[in-house]
Amino acid sequence: MKRAIHRDHSDLGLLALRAGTGAVLAAHGAQKLLGWFGGAGLDVTSKAMESMGFRPGRRSALAAGLGEAGGGVLIALGLATPAAGAVAAGAMAGAAAVHAPNGFFSTSGGLEYPGFLGWTAAGLGLTGAGRYSLDHATGHRLDRTWMVPVAFAASGLVAACVIRKRTQTLEQATTAAQAEEADDLGASDPGEDA
């Protein structure tokens, strides 16, 4: 009897965690995609992504918004939970990479918020949705054991590639800006020949 009560509490806890995390992720993605909840919408988000080094900006904004919104909705419903958790965690890894130079805490613009959302999404993807979920109601058709390593490997690989490409883009932009600054200094200084 005690075991059944404990299981109910665990499943209720997973439901509460999924609902809260999924709602926050879905709202965060809807800000990017649709401009809801005070968000900028896709056009402005595309330009922002471009300025942060994610190229092409529109495709990056769509991927981030869909990863957050889609992953969040699926997490909240408890449907395809391994894939949903992996996708949302991958999207938040990209966001955390943007904030990482500012340290950990969000008060200084750090990675605390996206890191926490990504970590929680990953934890839910690994743990599963529990009994109060669409995965359970559908007989776990979209929540098979093999899906966990596949989903997380794919999401991790994509996130690593996106973050690496962004890092290279920023390094190239920095090098180009330094070269331009050196050219400007050289043009304004007549040199020793004068």
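This is a predicted model: local features need pLDDT of at least 70, side-chain atom pairs count only at pLDDT 80 or more; totals for chains, interfaces and linings use all residues.
Residues are numbered from 1 along each chain as its sequence is written, and side-chain values use heavy atoms, with hydrogens and water left out. Local features need pLDDT of at least 70 and side-chain atom pairs count only at pLDDT 80 or more, whereas totals for chains, interfaces and linings use all residues.

Rolling a probe the size of a water molecule over the atoms shows where empty space is left. Pockets were located on a 1 Å grid over the protein atoms alone; a pocket is an open set of points where a 1.4 Å probe fits, with protein on both sides within 12 Å along at least five of seven lines, and lining residues have an atom within 4 Å of a point. Grid points are joined across faces, edges and corners, and a volume is the space filled by probe spheres set on the points. The largest pocket holds about 770 Å³. Its lining comprises 34 residues, with Met 49, Ser 60, Ala 64, Ala 91 and Gly 94 nearest the centre. Two or more lining residues come from each of helix 1 (2-34), helix 3 (57-77), helix 4 (81-99), helix 5 (112-127) and helix 7 (147-188), where helices are DSSP runs (H or I, at least four residues) numbered from the N terminus. Helix 4 gives the largest share, ten residues. By class, 20 lining residues are nonpolar, eight polar and six charged; Ala, Val, Leu, Ile, Met, Phe, Trp, Tyr, Cys and Pro count as nonpolar, Asp, Glu, Lys and Arg as charged, and the others, Gly among them, as polar.

The second largest pocket has a volume of about 170 Å³. It is lined by 14 residues, and those nearest its centre are Thr 127, Gly 128, Ala 129, Gly 130 and Asp 143. Helix 5 supplies the largest share of this lining, three residues. The lining of the second largest pocket divides into five nonpolar, six polar and three charged residues.

Helix 5 has 16 residues and spans 22 Å from first to last C-alpha, close to the 22 Å expected at 1.5 Å a residue; the expected span is 1.5 Å times one less than the number of residues. Its buried residues (under 20% relative accessible area, with exposed over 50% and partly exposed in between, 1.4 Å probe, protein chains only) are Pro 114, Leu 117, Gly 118, Thr 120, Ala 121, Ala 122, Leu 124 and Gly 125.

Thr 81 belongs to helix 4 and is buried, at 0% relative accessible area. Beyond its neighbours within four places in sequence, Thr 81 is in contact with Leu 124, Gly 125, Gly 128, Ala 129, Asp 135 and Leu 142, contact being heavy atoms within 4.5 Å. The loop between helix 5 and helix 6 (134-137) contains Ser 133, which is buried at 9%. With neighbours within four places again left aside, Ser 133 is in contact with Arg 18, Leu 77 and Gly 78. Arg 131 lies in the loop between helix 5 and helix 6 and is partly exposed at 25%. Its C-alpha is 9.2 Å from that of Gly 78, 53 residues away in sequence.

Gly 57, in helix 3, is buried at 3% relative accessibility. The peptide bond from Arg 55 to Pro 56 is cis, with omega near -10 degrees, and Pro 56 lies in the loop between helix 2 (41-51) and helix 3.

Most residues other than glycine have a negative phi, and most peptide bonds are trans. Ala 80 has a positive phi near 50 degrees; this residue is in the loop between helix 3 and helix 4 and is buried at 14%. His 140 has a positive phi of about 60 degrees, is found in the loop between helix 6 and helix 7 and is partly exposed at 28%.

Two aromatic pairs were counted, for which ring centres of Phe, Tyr and Trp (its six-membered ring) must lie within 6.5 Å; planes under 30 degrees apart count as stacked, over 60 as edge-to-face and the rest as tilted. Trp 36 and Phe 37 are edge-to-face, at 6.2 Å centre to centre and 85 degrees between the planes. Phe 37 is exposed at 59%. Phe 104 and Phe 105 are edge-to-face, at 5.0 Å and 85 degrees, and Phe 104 is partly exposed at 46%.
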